[in-house]
Structures are given as C-alpha cells and as structure tokens.
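Please keep the sequence and the model at hand while reading.

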Amino acid sequence: MTFCMPLAGRWVGARFSRRRGARPAANSRRFRPVLADVGAVVEALEDRNLLSAIQNLPGFAANVLDRNDDGSTSSAVPLGFTANFFGVSRSTAFVNNNGNITFDAALAEYTPFPLTTTSRQIIAPFFGDVDTRSLSSGVVTYGTDTVNGHAAFGVDYINVGYFSVETNKLNSFQVILIDRSDTGAGNFDLEFNYDKVQWETGDFSGGVDGLGGSSARVGYSNGTGGAGTSFELAGSASPGALLDTNTATGLIYNTNTTPTSPGGVVNGRYIFQVRSGVVAPAVTVQVNDGGFQRSMVTSLQATFNQPVTFDSGAFQLVTPVGVQAVSLGVVNSTNSSGNTVSTITFSGAGIVGRSLEDGRYTLNVVGSRVHGVGGATLANDLNVNFYRLYGDVIGTGTDDNFDLFEFRAAYLSSVGQANFNPAFDFNNDGVINTVELNQMFSRRNKSV
Ligand SMILES: [Ca+2]
Ligand SMILES: [Ca+2]
Ligand SMILES: [Ca+2]
C-alpha cells in the first residue's frame, strides 16, 4: 500500500507542533506532553510500531566491505545461484559502497546518475554517496543465506553514513536477490528493504547536511535502454521524497507487496519478480496524492514499474454495503521513467463533492488484465484496502478532537485563504461553513 495508516500519536504531534505551535486553546492541556518533545515521541513511536522490512540474516553479514568511501569488492563475488537479468545469466556481482551492485564492472561513481538511461548493468537499492569511514557508521556486508527456503544473496547497508564522513544521519537498507529457479531456470526475485532513510545526498553531490542536491535513486537497469529494462522508483532524484521525514512518499511507509507476496504486506519492502529474464509488472497505489488525510478521497493513483497496457476491468472498486455504485474513470499517463501511471477518479450517484462516501473500500488491480513488457502480466492481484471518513484530516480512522481542532482553524474560510483546508470542503464549493459544521457534528467521535 502506498498510502500509510499513520500512527495517531506521530501525526498528531507533528501536526500540532508545525501548524499550531503552543497556541493556547481551551483544551490544549492534554497535548502539552506531546508538544514538549515531539522528536522523542516520534522516534519512540517509530521504534515501537514500525516492523522491520530488512531481513536480518547472518549470511548477509558474513563478508565485510572494509570502511571506505567509494570502494567496491575487488572482484565480482558469487551470488550462490544463477540469475537471468534481462537475458544475461549472472552468477556474480560487484558490491559497491554507494548503495548498489553491478554486474559488468565495479562502480565508484558517487553522484547517482539516471538509471533509465545508463549503459551500466546495475541494481540500486539506494544509489547515493554512502561513506562508512567513520567509526560511527556501520559497514557494508554481503553474502549468501536462505530466504523462504530459497538460496539468496544479500547486501546490507545498516546504519551507514554519507560523504564526507558524516554520521549525524544514518540509513539502513538492503538488497536481496532470491533464487526462484523453482519457477524456471534463471528466475529470481529482487527485493529492496528499507528501515531508516535519514539522508539522501552526499556533500559532494550538492547535498547540505545530507539533504537536497542530486539525491538518491532507487531502481535497476540492464544498460540497454530497451523498453521495460530499467526502472526508477518514484521519488528518485527528488529531494525529500524518499526520506523518513516524508510520511507520504518516504520509502519506509510504502510498499508494492501484496497479501500473496512472500512475507505478506510489509511497508518498506519492494519486490520485483524477474521471470525468463524480464522483470514482471509491479504496481504501487496511492490514495489521493499520497497524503494521510482521509476526509476527502477523490482519486487513487497506480504507478507501474514499466509501460503497461490494460484489458477492460483492470481496476475494480469494492464498495461497502449500502454505498451506491461507483464508476471509475481511469486516465493513463507516462512518468519520467517511461512507465505507466494510472489516475483513477470516481463518479456516480453516491459521490458528493467528488469524494467517495464514508466507509471501507478495496481497490483490486486485476493482475491478469495488466500486460507489461513481453506480454507478462502483473504477478498478483493487488488488493488495496482504504477508507473514507469525512472530517478525518489527521487520518487515524476516527473523527476526534485533533480533527476538530483542525476544523476550527478552517471554519468560515474560503478557497485562497491561508486557513482554507480543501479536505474539509464536504461539498467542494470552495467554502467551509455550516454545511461542513453539520457534517462534522453528525460524525463526532465516529470511526470507520
Ligand atoms: Ca561514497
Ligand atoms: Ca482523525
Ligand atoms: Ca463547502
């Protein structure tokens, strides 16, 4: 799911500190502990509630890339099995310190180049200027182990710093190649896992304090430029997009895994199936623009990892009991990576102010009706569960006091004013007035 189900405390703390400060309010007393140290609260909640996407397996830590800046393994190291990566069988790879592995030669480049136009054969969980020279940084490790009963080759970048010898921000990520020759010779799964993404850029790539500039890229390429043979995950080279501080698009809050994926749905995990040398179509889905409010659900966005075509009925919306039929409008476009993005909008008798009605929904992306490069279909049906609850601008699933505070700030505003919040505009007429007040009161403390 590309939308996240935010943790109530985290959102509330962050929103309050940013937007309201210590503004006196009739019942602000209860929020003071949160306001006192938002950072600590956020950190504590993350530690407690976010499951690890990284697979902590001893074999992946068996070999160490000594502390370095732009180094690589001195030779290609064994994968332990043979992987058919776009028609070329690979049994070894170079492990590079800067967040990638390559098949053709070691790579010392530290500023991430576009993966969609490169001639390099590369798999990059986080192509950026990793620097492990500081004793406060972890080191890069690699090796073979077993994942779900399959031979696997993994590279761990756990708590790694960035250039130049900086460790005030650390990243933890991992790439795993998993042997799936049980489904056909050379087949494998490519898995990217993220637990912590605090920096995105080295100081020599336009970054300041680990941020901005030529920021990291995530993806792969076989170096030919052929259709569907390269991919950059959305947010690559877009400063701020992949970071933990971006709770909408950050790597750790999103995933393309489905309930039928090995390991089920795990936020921070991205799996690409490579079958007969071709990466199978995969998709991620965002609610609205990826933000957390669920007060107004006006669109969904499905992003594919390659150009795809659709049979009719590829997208199906399961509506709650009692909700009138909803028709879907789908507009397909091509993103900067050359891959397909489908924007899904809603119409029908039950739509008010462009939004779905309150309730729990499921978007089904029907795998057999999505065709990618070489005719491969989407590996699995993707079922994305989401909800709509008018008033729930701090998307917790409940209309509570936190939402009410936001509503008070927006009440009697109109579009163009600083305190206007379109997520409260129930009937989409550009003003927030008694129409909305009545809707809020009718849902007081309601949950979906
Ligand atoms: Ca480096
Ligand atoms: Ca809420
Ligand atoms: Ca209105």
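Helices (H or I, at least four residues) and strands (E, at least two residues) are taken as DSSP runs and numbered from the N terminus. The model is a predicted one, in which local features need pLDDT of at least 70 and side-chain atom pairs count only at pLDDT 80 or more, while totals for chains, interfaces and linings use all residues. Residues are numbered from 1 along each chain as its sequence is written, and chains are lettered from A and ligands numbered from 1 in the order in which they are written.

**Overall make-up**

- The protein chain holds five helices and 23 strands.
- Of its 448 residues, 47% count as buried, a residue being called buried if 20 or more other C-beta atoms lie within 10 Å of its own, exposed if 12 or fewer do, and partly exposed in between, with C-beta atoms placed from the backbone.
- Among contacts in the protein chain with a separation of 6 or more, 62% are made by residues 24 or more positions apart, where a contact requires the C-beta atoms of two residues, placed from the backbone, to lie within 7 Å.

**The six-stranded sheet**

- Six strands form an open sheet in the order E2-E3-E4-E5-E11-E12, with antiparallel pairing; two strands are said to pair if DSSP finds at least two bridges between them.
- Its edge strands are E2 and E12 (230–232), each of which pairs on one side only.
- From one strand to the next, the twist averages 25°, with axes being lines fitted to C-alpha atoms (for helices, over the stretch in contact) and angles running from 0 to 180 degrees between N-to-C directions.
- Strand E2 (residues 77–85) and strand E3 (residues 88–96) run antiparallel and are joined by five bridges, and asparagine 84 stands opposite serine 89 in E3.
- E2 and E3 form a hairpin that leaves two residues between them, and phenylalanine 86 in the turn has a positive phi of about 55°.
- Further along the order, strand E4 (residues 100–102) is joined by two bridges to strand E5 (residues 122–127), to which it runs antiparallel, with isoleucine 101 opposite isoleucine 123 in E5.

**The three-stranded sheet**

- Another open sheet consists of three strands in the order E18-E21-E23, and the pairing is antiparallel.
- Here the edge strands are E18 (315–318) and E23 (382–388), each pairing on one side only, and the twist averages 20° from one strand to the next.
- Four bridges join E18 to the antiparallel strand E21 (residues 359–365), in which threonine 362 is the bridge partner of valine 318.

**Backbone exceptions in loops**

- Most residues other than glycine have a negative phi, and most peptide bonds are trans.
- The peptide bond from phenylalanine 163 to serine 164 is cis, with omega near 5°, and serine 164 lies in the loop between strand E8 (150–162) and strand E9 (166–179).
- Asparagine 148, although not a glycine, has a positive phi of about 50°; this residue sits in the loop between strand E7 (140–147) and E8.
- Asparagine 148 is classed as exposed because 11 other C-beta atoms lie within 10 Å.
- Alanine 237 also has a positive phi, of about 60°, although it is not a glycine, and is found in the loop between E12 and strand E13 (269–275).
- Alanine 237 is classed as buried because 21 other C-beta atoms lie within 10 Å.
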